[in-house]
Amino acid sequence: MKNTPSAETPEAAAHIKRVLRYCDETGHLYWKVTCGRAGAGSRAGNLGTNGHWRVGVLGRYYQAHRIVWLLCTGEWPRSLLDHRDQDMLNNRFGNLREADKSLNAVNTSKVRKGSKTGLQGVSWSATKGKYRARFRVGGVERLLGYWDDPMEAAAAYQKAKQEYLCTK
């Protein structure tokens, strides 16, 4: 199976609709038909190296959340999909939303690689001699302010992040 970007074509969509079904209670995908070693009714897919559930169809892997979107809306997503609760294995349709790169980046609990503070959205400002909180949305950096205490800066970042995410 190829692990390259999927060919999200109308033909692939039609095939996937014929062979897979979505369970809205669990967010899982199941085979409608026997497909290779997988029997009809069995759960489709496996865990990919990127932490997302994936399903092998038509000789390539498709991300399960993109298939769920297809099965629930009738069309492939136009952009990235974001898991609202940050759980990459929770593929319930209500947990998914279309997103741009910046929304997807803001909605994460990961600390940026190379962070010296170890806190998301917090860095040291040598010119101010304080900790600053900031995040980037749509290519625009939003500075939240400066604090003596890194935990206060982190709290300000988390509050602003929640307010931003609640508007999306």
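This is a predicted model: local features need pLDDT of at least 70, side-chain atom pairs count only at pLDDT 80 or more; totals for chains, interfaces and linings use all residues.
The protein chain has 168 residues, of which 38% are buried. Its secondary structure comprises four helices and ten strands. Read from the N terminus, the elements follow the order α-β-β-β-β-β-α-β-β-α-β-β-β-α. Among the contacts in the chain with a separation of 6 or more, 41% are made by residues 24 or more positions apart.

Strands of a sheet pair through backbone hydrogen bonds, in either a parallel or an antiparallel manner. In this model, three strands in the order β3-β4-β5 form an open sheet, and their pairing is antiparallel. The edges of this sheet are β3 (46-47) and β5 (60-63), each of which pairs on one side only. Strand β4 covers residues 53-57, and its antiparallel pairing with β3 extends over two bridges. In one of the pairings at residue level, N46 has R54 of β4 as its bridge partner. Helix α2, residues 64-73, lies across β4 and β5 and runs at about 70 degrees to β5.

Empty space within a structure can be located by rolling a probe the size of a water molecule over the atoms. A search of the whole structure found one cavity of 30 Å³ or more. The volume of the largest cavity is about 50 Å³. Its lining consists of G27, H28, L29, R43, A44, W53, A64, L89 and N91. By class, five of the lining residues are nonpolar, three are polar and one is charged. Two of the lining residues also belong to elements described above: W53 lines the cavity and residue 53 is part of β4, while A64 lines the cavity and residue 64 is part of α2.

Definitions and conventions. Residues are numbered from 1 along each chain as its sequence is written. Side-chain values use heavy atoms; hydrogens and water are left out. Two strands pair if DSSP finds at least two bridges between them. Contact means heavy atoms within 4.5 Å. Axes are lines fitted to C-alpha atoms, for helices over the stretch in contact, and angles run from 0 to 180 degrees between N-to-C directions. On a 1 Å grid over the protein atoms alone, a cavity is a set of points where a 1.4 Å probe fits but cannot get out, and a pocket is an open set with protein on both sides within 12 Å along at least five of seven lines; lining residues have an atom within 4 Å of a point. Grid points are joined across faces, edges and corners, and a volume is the space filled by probe spheres set on the points. Ala, Val, Leu, Ile, Met, Phe, Trp, Tyr, Cys and Pro count as nonpolar, Asp, Glu, Lys and Arg as charged, and the others, Gly among them, as polar. Buried means under 20% relative accessible area, exposed over 50%, partly exposed in between (1.4 Å probe, protein chains only).
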